Amino acid sequence: MLESSSVLLFIVFVLLFISLLFVVLIRKNGTAALIWHEIIKEKITNFIMNQSKERRILNFVLQNAVRGDPCSVMETIDKYCSEKEWAMNVGDVKGVILDKTVEEINPKVALELGTYCGYSAVRIARLLKAGACLLTVEFNPEFAAIAKQMIEFAGVQDKVKLLEGPSEVIIPQLKKKYEVDTLDFVFVDHWKDRYAPDTILLQECSLLRKGSVLLADNIIFPGAPEFVKYIRNNPRFQCSTYPSYLEYMKVQDAMEKAVFLG
């Protein structure tokens, strides 16, 4: 009997140790954290609730944020994603870097690659002056539909035009179809393997002018090595790196600012 109790206690101890170790890994290791949040936890929750994480984020905002108040919408998304379910927004910490960059540039025409749920579109749009415009590109139709509702709820829809489709298709259309001359600011936060090709495409389509600023998220984690190599070794760009953390985690990350020199 004593032996059985000892074995049981040992098993419980081992399971607790493994659980504790996994929790530490999730907090400190980006890959482990994403596997847990994006594959295991999200899939299980989606199955149980028969609803996507993005829809849950939107519903939480609709129920808890103040309509027409962009800051309230941002804070509510940050609260949900830090306390309930992780999501790939730029987040509150790197959001400060984004804010400062937008305020410094004071863009009249801005482009965002990767709308997701609309968090960064709301964050950028709230800082735009009268007459300025943000074009935001989203490939995923479900995300685009949710972002549209998020942007409208935040009350910044007059400053934001949401373009649905692949970035490599939309970028060449910006001049003729959307009457864009050049871009003052580009926030790059979509598929990481599109960072470099789309930066090249922006140049080929003559959408960058002298002084245009690109700000790229997640250059360390998940990482965009081809973009970093291209942009830092290109004499047409002047680069600065802003160390930070992956959104809602203590995982090292950074943003890369690149000023186009013409």
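Visitor: In which hand does H3 pass H7?
Guide: This is a predicted model. In it, the axes of helix H3 (residues 53–64) and helix H7 (residues 141–154) come within 10 Å. H3 passes H7 in a crossing that is left-handed.

Visitor: Are H3 and H7 roughly parallel or roughly antiparallel to each other?
Guide: Their axes cross at roughly 15 degrees. Angles under 35 degrees count as roughly parallel. Therefore the relation of H3 and H7 is roughly parallel.

Visitor: Which residues of H7 make the contact with H3?
Guide: On the H3 side, the contact is made by Glu54, Arg55, Ile57, Leu58, Val61 and Leu62. On the H7 side, it is made by Phe143, Ile146, Gln149, Met150 and Phe153.

Visitor: Which strands stand at the edges of the sheet?
Guide: The sheet is open and has seven strands, with mixed pairing. Their order is E3-E2-E1-E4-E5-E7-E6. An edge strand here has a single partner strand, so one side of it is left without a neighbour in the sheet. The strands at the edges are E3 (160–164) and E6 (237–245).

Visitor: By how many degrees are neighbouring strands of this sheet turned against each other on average?
Guide: Direction is ignored for this value.

Visitor: What angle does the direction of H7 make with that of E3?
Guide: H7 packs on the sheet and touches E2 and E3. The angle between the directions of H7 and E3 is about 170 degrees.

Visitor: How many residues of strand E1 are buried?
Guide: E1 covers residues 109–113 and is mostly covered. Of its five residues, the number buried is four.

Visitor: What is the bridge partner of Leu113 in E2?
Guide: E1 and strand E2 (residues 133–138) pair in the parallel sense. Five bridges join them. In E2, the partner of Leu113 is Val137.

Visitor: Through which helix does the chain cross from E1 to E2?
Guide: The path is a β-α-β crossover. This crossover is right-handed. The helix on the way covers residues 119–125 and is H6.

Visitor: Which residue in E5 does Phe187 stand opposite?
Guide: E1 runs parallel to strand E4 (residues 183–188), joined by four bridges. In E4, the bridge partner of Glu112 is Phe187. E4 also pairs in the parallel sense with strand E5 (residues 208–216), over five bridges. There, Phe187 stands opposite Leu215.

Note on methods:
Residues are numbered from 1 along each chain as its sequence is written. This is a predicted model: local features need pLDDT of at least 70, side-chain atom pairs count only at pLDDT 80 or more; totals for chains, interfaces and linings use all residues. Side-chain values use heavy atoms; hydrogens and water are left out. Buried means under 20% relative accessible area, exposed over 50%, partly exposed in between (1.4 Å probe, protein chains only). Helices (H or I, at least four residues) and strands (E, at least two) are DSSP runs, numbered from the N terminus. Two strands pair if DSSP finds at least two bridges between them. A crossover is right-handed if, with the strands pointing away from the viewer, the path from the first strand over the helix to the second runs clockwise. Axes are lines fitted to C-alpha atoms, for helices over the stretch in contact, and angles run from 0 to 180 degrees between N-to-C directions. Angles under 35 degrees count as roughly parallel, over 145 as roughly antiparallel, 65 to 115 as roughly perpendicular and the rest as oblique. A crossing is left-handed if the near helix is turned anticlockwise from the far one by less than a right angle, and right-handed if clockwise. Contact means heavy atoms within 4.5 Å.
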